[in-house]
Amino acid sequence: VLSFTAGRPEGERFALKSPLHMEPAYMRELIRQYPDAVFIWPHRDMVPVVRSYCGLYLELGLMFYTPESLDKHKIGRAVMRGLANRIGGMAAHAERHPESVLHVSFDELVQRPRAVLDEVLAFAGVRIPEVDAEDFSDRVHDYITESGAAQASKAGTGAVRLEDFGLSEDFIRTRFEEYEAAYCRPRA
């Protein structure tokens with residue numbers, strides 16, 4: 001199904017970007033179908049991640065429901081549960097198969113996009129032809145530094161208030177303390 005939906009010829013690579021693929025049940029099936037799959041797992045401070053998810057879930061809900069009918073506290077709980085489940089599933093896979101997972105710091109990606117991109121491409125076994133490599137690297141660098149991706153590291157100061165979702169920075173940090181200690185510290 002993934003090959004079909006990706007619209008790629010058999011044997012050609014494709015990438016899945018959605019964090020939903022980190023759900024334990026999906027991970028098991030993905031690995032069963034693609035045992036040589038590699039995973040690039042970006043890590044970042046969970047407060048802006050949770051805030052962003054809450055805003056996304058709220059916007060998705062507003063496509064189908066009136067603002068008065070949406071329970072933001074329920075959304076907040078669902079976001080926390082879903083993220084904890086996905087992180088737990090990916091962490092379990094990374095522990096069992098460390099050779100298949102590259103851990104990438106979001107902050108490093110923003111600060112050193114070319115170096116991180118080179119590391120990702122090498123890990124994934126993707127080779128950019130020499131003639132295109134510098135142009136490709138320049139375009140990725142420009143995107144990350146100029147398009148707003150760099151500002152994403154400062155996300156979480158916008159209109160979405162954690163308190164409206166029954167959450168607080170302290171609660172999020174406590175809930176994801178082990179994850180952040182294991183994965184979100186700068187590499188030495």
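This report describes aromatic pairs, charge contacts and a surface patch in a predicted model.

Residues are numbered from 1 along each chain as its sequence is written, and side-chain values use heavy atoms, with hydrogens and water left out. Local features need pLDDT of at least 70 and side-chain atom pairs count only at pLDDT 80 or more, whereas totals for chains, interfaces and linings use all residues.

**Aromatic pairs**

Rings of Phe, Tyr and Trp (its six-membered ring) pair if their centres lie within 6.5 Å; planes under 30 degrees apart count as stacked, over 60 as edge-to-face and the rest as tilted. By this rule there are four aromatic pairs. One of them is the tilted pair of tryptophan 41 and tyrosine 179, at 6.1 Å centre to centre and 35° between the planes. Because tryptophan 41 lies in strand β1 (residues 39–43) and tyrosine 179 in helix α9 (residues 177–183), this pair ties together parts that are 138 residues apart in sequence. Helices (H or I, at least four residues) and strands (E, at least two) are DSSP runs, numbered from the N terminus. Tyrosine 179 also forms a tilted pair with tyrosine 183, with centres 5.5 Å apart and planes at 45°. These ring pairs link Trp41, Tyr179 and Tyr183 into a cluster. Tyrosine 179 is buried at 8% relative accessibility, whereas tyrosine 183 is partly exposed at 22%; buried means under 20% relative accessible area, exposed over 50%, and partly exposed in between (1.4 Å probe, protein chains only).

**Salt bridges**

A salt bridge is a side-chain nitrogen of Lys or Arg within 4 Å of a carboxyl oxygen of Asp or Glu. The whole structure holds six salt bridges, including those tabulated here.

| Aspartate 45 | Arginine 173 | 2.8 Å |

Aspartate 45 lies in the loop between β1 and α3 and arginine 173 in helix α8 (residues 169–175), so their pair ties together parts that are 128 residues apart in sequence. Asp45, Arg173 and Glu180 are linked in a network of salt bridges.

**Surface patch**

Leu56, Leu60, Met63, Phe64 and Tyr65 form a nonpolar surface patch with about 600 Å² of accessible area together. Patch members have over 30% relative accessible area and no salt bridge, with nonpolar side chains (Val, Leu, Ile, Met, Phe, Trp, Tyr) joined within 5 Å and like charges within 9 Å. Leucine 60 belongs to helix α3 (residues 46–62) and is partly exposed, at 41%.

Notes: Areas by Shrake-Rupley, 256 points an atom, 1.4 Å probe, with all protein chains shown as cover.
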